Amino acid sequence: MALLTFELPDGTTRRVDVVQVLNAGYAGRSQDDVAAHVAELAELGVPAPSVTPALYPVAPYLAQHTDQVSVQHGRTSGEAEWALVVDGDGELLLTAACDHTDRELEVHGVAWSKNAGPDVLARRAWRLADVQERLDALTLRAWVTHAEHTGHAGSGEETIIQDGTLAELLTPGYWAEVLRERGDLVPGTVLISGTIPMAEGVDQFADRWRVELGDPATGDVIELAYDVVRMPAPIG
């Protein structure tokens, strides 16, 4: 299992023993956005889903606070998302997340690919109740950096690859009700929201990802960032 710790705006912390992780997919409120995401994946050879929205169980240990993701090859990428976290007292928290996915494996099975990389979560969170009335105005953005311009990861010029709001996605309340009906709205549950479209012409196979979940009403931003590091070639 994974143990995550989130700092709230009032300075308190919540420790969450993760018992299950569920990744939503094709979860746009607009069917045009869903179709755009299906088209993005189709360009990578991923077959269209049989039903939308989809929900993929992910191994609990893949929910991580980390600043480095190790990969086996160069065709992996993140996705800017929000995460709904049920803390130990059953309260719902909202934070930023990045679902790092193996795109080579994705063509053989989306569920497999989701289990081949971590769901990186920010170290700060908001109480869902505190932002509930302005959820659609919250911003969701991601930037990528490519190391070939500088010779090493973690430097170079950032390029924005995703830029939208939570109004583009099915709401945390929608997914909380789905989890409640399934009997899965229990302490230690983490649900990752699904993502918004990527900008055309931006290379998603980057060496660094940064994601921000922002609240324009307060100016507060929850951020995560990590380097993508290639592992040595296997022997044998």
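A residue is termed buried when its relative accessible area is under 20% and exposed when that area is over 50%, with partly exposed covering the range in between. On this scale Arg 127, with a relative accessible area of 18%, is buried in the present structure, because 18% falls under the 20% limit. The structure is a predicted model, and the values reported below were computed from it.

A search of the whole structure identified 20 salt bridges. In one of these, the side chain of Arg 127 meets that of Asp 130 at an N to O distance of 3.9 Å. This distance lies within the 4 Å cut-off applied to such pairs. The two partners fall into separate accessibility classes: Arg 127 is buried at 18%, whereas Asp 130 is partly exposed, with a relative accessible area of 45%.

A further salt bridge is formed by Asp 215 and Arg 134, whose closest N and O atoms are 2.8 Å apart. This pair connects distant parts of the chain, the two residues being 81 residues apart. Asp 215 belongs to strand S16 (residues 208–215), while Arg 134 lies in the loop between helix H4 (128–131) and strand S13 (139–145). The relative accessible area of Asp 215 is 3%, so this residue is classed as buried. Arg 134, by contrast, is partly exposed at 29% relative accessibility.

Strand S16 also contributes Arg 208, which is paired with Asp 227 of strand S17 (residues 220–230). The side chains of Arg 208 and Asp 227 meet in a salt bridge with an N to O distance of 2.8 Å. These partners are 19 residues apart and likewise link distant parts of the chain. Arg 208 counts as partly exposed, at 22% relative accessibility, and Asp 227 counts as buried, at 17%.

Salt bridges that share partners were also found to join residues into a network comprising Asp 10, Arg 14, Asp 87, Glu 91, Arg 127 and Asp 130.

With a relative accessibility of 1%, Thr 101 is counted as buried. Its side chain is joined to that of Asp 99 by a polar contact of 3.4 Å. When neighbours within four places in sequence are set aside, Thr 101 is in contact with Arg 75, Thr 76, Ser 77, Glu 106, Ser 113 and Lys 114.

Terms used: Residues numbered from 1 in each chain as written. Predicted model: local features only at pLDDT ≥ 70, side-chain atom pairs only at ≥ 80, totals over all residues. Heavy atoms only, no water. Buried < 20%, exposed > 50% of the residue type's maximum accessible area, 1.4 Å probe, protein only. Polar contact = N/O pair within 3.5 Å; in protein donor to acceptor, adjacent residues only side chain to side chain. Contact = heavy atoms within 4.5 Å. Helix = DSSP H or I, 4+ residues; strand = E, 2+ residues; numbered from the N terminus.
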